[in-house]
Amino acid sequence: MTSRVDVDLAARALDLDAVDPLAAHRDAFVDAPGVVAYLDGNSLGRPLRATAARLQEFVAGEWGSGLIRSWERSWMDEPMRLGDELGRVVLGAGEGRTVIGDSTTVLLYKAARAAVAARPGRGRIVTDTANFPTDRFLLQGVAAELGLTITLLEPPADGGVTVADVEGALGEDVALVLLSAVAFRSAHLADVPGITAAVHAAGALVVWDLSHAAGAVPLALDADDVDLAVGCSYKYLNGGPGAPAFLYCAERLQDELRQPVQGWMGSAEPFVMGERYEPAAGMRRWLSGTPPIVGMLPIAGMLALLDSVGMDAVRAKSQALTAYVIEYADARLAPAGVRLASPRDPAVRGSHVTLDHPDFEALVPRLQERGVIPDFRRPDGLRVGLSPLSTSFAEVHAGLEAVRDALGA
Ligand SMILES: *Cc1c(COP(=O)(O)O)cnc(C)c1O
């Protein structure tokens, strides 16, 4: 039976697509045959069509023809050059503060380890129970190595850590606070400048994990006086599986901090092959081994697209998409017992929406078979990821209809 609400929600999706200034950019992404709704761009962004051509060109050109000479010609500087581009387009960071490097996990480790070393005598690290597993795990390793303790904040399931929560945990013994700007489960968007200021007032350093924020939410790392930040580039930056992550370090800390994985590529003169490690000047010192040049190519294409569109427009569409999911869930899924596990206030919501229902663990594989691809997060969350440049409202509507159908609602 088709109700009035169904007609309205379907028509609204079409209307929203019709007035969406970014709608045409969907065609820039590779089509996935059989996929009705891709709602997992927050775990793995779709590839740009241009990426295939760029990779081919690279194999024939810089790699195939340039061979080893390309290190001198461009590759040596690429981690910093692309880092600057990312800083300008996405992070709100001036030149010389961002580098593209290892995996997110490894860069988070480097940042956290360097931060605690810069606050000797302080025995505590603060993070939260809702932080991504890798963040908590690597902090457990750092704490075990140095005999530190970890204070775990416990935010509500549909929210995140607040300034007051952090202030309540701070003290003269805290060396480091490590939090996610956008929580991977609830999508709660933290008060980055507020928390950063509170951490500084207590004399500690903050590392922000931007994995679920970069490319979806406008950031202002310089203006917010952030110390260190690390993020993923295969989510909203569409870099592809295992694409190298990025690290930002405030200019004022660059000479002071020592990262723990001292490799030749981050040393002052890699080709002198000298006796002792001396860190390179600037952001190069955050590198360790040979940088993953091939993995950087897709990121460059996505940054060019984000630059042409602007992060404010991306944020506006992201908020419209998440609002539409909540509108649909309130009208059509709540009666079947589905609960919203993300903030209702768009100002503190990132670019995904988590919906909870005890049947979702069983239903998600069945949805995937039908070409509807969200993901599942324990204990009972269906995560609807809304990558602004590659997702249409009609696609979201089709995906949510399949969810409703699977629930028998
Ligand atoms: C995706 C994600 C990571 C991923 O780390 P990898 O080293 O790339 O596997 C880390 N932290 C957060 C918050 C994430 O969302």
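Author: Happy to! One term to begin with: a polar contact here is a pair of N or O atoms within 3.5 Å. Please also keep in mind that this is a predicted model.

Reader: Thanks! How far is an oxygen atom of the ligand from an N or O atom in the side chain of His212?

Author: The cut-off to compare with is 3.5 Å. For the side chain of His212, the N or O atom and the ligand oxygen are separated by 2.8 Å.

Reader: Which residue has a side-chain N or O atom 2.6 Å from an oxygen atom of the ligand?

Author: Let's take two residues of the shell, Tyr234 and Lys235. A polar side-chain atom of Tyr234 is 2.7 Å from a ligand oxygen. The 2.6 Å distance belongs to Lys235.

Reader: What percentage of the ligand's accessible area does the protein cover?

Author: On its own, the ligand has 390 Å² of accessible area. The part of this that the protein covers is 87%.

Reader: Which helices each supply at least two residues of the shell around the ligand?

Author: The shell includes Thr104, Thr105, Thr134 and Asp135. By class, it has two nonpolar, seven polar and three charged residues. The helices that each give at least two residues are α5 (104–117) and α6 (133–146).

Reader: Now the domains: what area is buried between domain 1 and domain 2?

Author: The assignment gives domain 1 as 4–49 + 310–407 and domain 2 as 74–307. Their contact takes 37 residues from domain 1 and 28 residues from domain 2. Carbon and sulfur atoms give 59% of the buried area, which is about 2,500 Å².

Methods
Residues are numbered from 1 along each chain as its sequence is written. This is a predicted model: local features need pLDDT of at least 70, side-chain atom pairs count only at pLDDT 80 or more; totals for chains, interfaces and linings use all residues. Side-chain values use heavy atoms; hydrogens and water are left out. A residue is near a molecule or strand if one of its heavy atoms lies within 4 Å of it. A polar contact is a pair of N or O atoms within 3.5 Å; within protein, one must be able to donate a hydrogen and the other to accept it, and residues adjacent in sequence count only if both atoms are side-chain atoms. Accessible areas come from the Shrake-Rupley method with a 1.4 Å probe; for residues, only the protein chains shown count as cover. Helices (H or I, at least four residues) and strands (E, at least two) are DSSP runs, numbered from the N terminus. Ala, Val, Leu, Ile, Met, Phe, Trp, Tyr, Cys and Pro count as nonpolar, Asp, Glu, Lys and Arg as charged, and the others, Gly among them, as polar. Domain bounds come from an automatic or database domain assignment. Contact means heavy atoms within 4.5 Å. Buried area is the accessible area (1.4 Å probe) that two parts lose on being put together, summed over both.
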